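The following exercises concern side chains and their surroundings. Please study the sequence and the structure before reading each solution.

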Amino acid sequence: MGHLSTHVLDTASGRPAAGMHVTLQRESAGQWHTVKALALNADGRADGPLLDAAAMATGRWRLLFEVAAYFRAQGVALPEPPFIDVVQLDFGIADAAGHYHVPLLVSPWSYSTYRGS
């Protein structure tokens, strides 16, 4: 059964990005529509899948991670405008029965992602 999940690690502090706000959007007819908005838990994860088996669908998807707001809430002094504000990850789901895990490793100055397991 397919599902979508995410996990964010704050590489500047070496811990999960607890409290970071994340928005999931889906593209339809050339426009982006918000499907879910949430704050990550103490483990830097959503409390459940972003999409469960019933909601999984092929197509173009987007995750928006509010990085600058998270680091400011941690007391990190950032310039204005911040070097990284919102990380936008556009990705595709080609197999609605598949497991898609989209981790983000982030600091105020860099980020990386990959399709996890």
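**Exercise 1.** Determine whether Gln 25 is buried or exposed.

**Solution.** Buried means under 20% relative accessible area, exposed over 50%, and partly exposed in between, with a 1.4 Å probe and protein chains only. Gln 25 has a relative accessibility of 12%, so Gln 25 counts as buried. The model is predicted: local features need pLDDT of at least 70, side-chain atom pairs count only at pLDDT 80 or more, and totals for chains, interfaces and linings use all residues. Residues are numbered from 1 along each chain as its sequence is written, and side-chain values use heavy atoms, leaving out hydrogens and water.

**Exercise 2.** State which residues Gln 25 touches, not counting residues up to four places away in sequence.

**Solution.** Contact means heavy atoms within 4.5 Å. On this basis, Gln 25 touches Trp 32, His 33, Thr 34, Val 35, Trp 61, Arg 62 and Leu 64. Two of these neighbours also meet each other: the charged end of Arg 62 sits over the ring of Trp 32, 3.9 Å from its centre (the criterion is NZ of Lys or CZ of Arg within 6 Å of the ring centre and within 35 degrees of the ring normal).

**Exercise 3.** Classify the aromatic pair of Tyr 70 and Phe 71.

**Solution.** Rings of Phe, Tyr and Trp (its six-membered ring) pair if their centres lie within 6.5 Å; planes under 30 degrees apart count as stacked, over 60 as edge-to-face and the rest as tilted. A search of the whole structure finds two aromatic pairs. In the pair of Tyr 70 and Phe 71, the centres are 4.9 Å apart and the planes stand at 75°, so the pair is edge-to-face. Tyr 70 is buried at 4% relative accessible area, and Phe 71 is buried at 1%.
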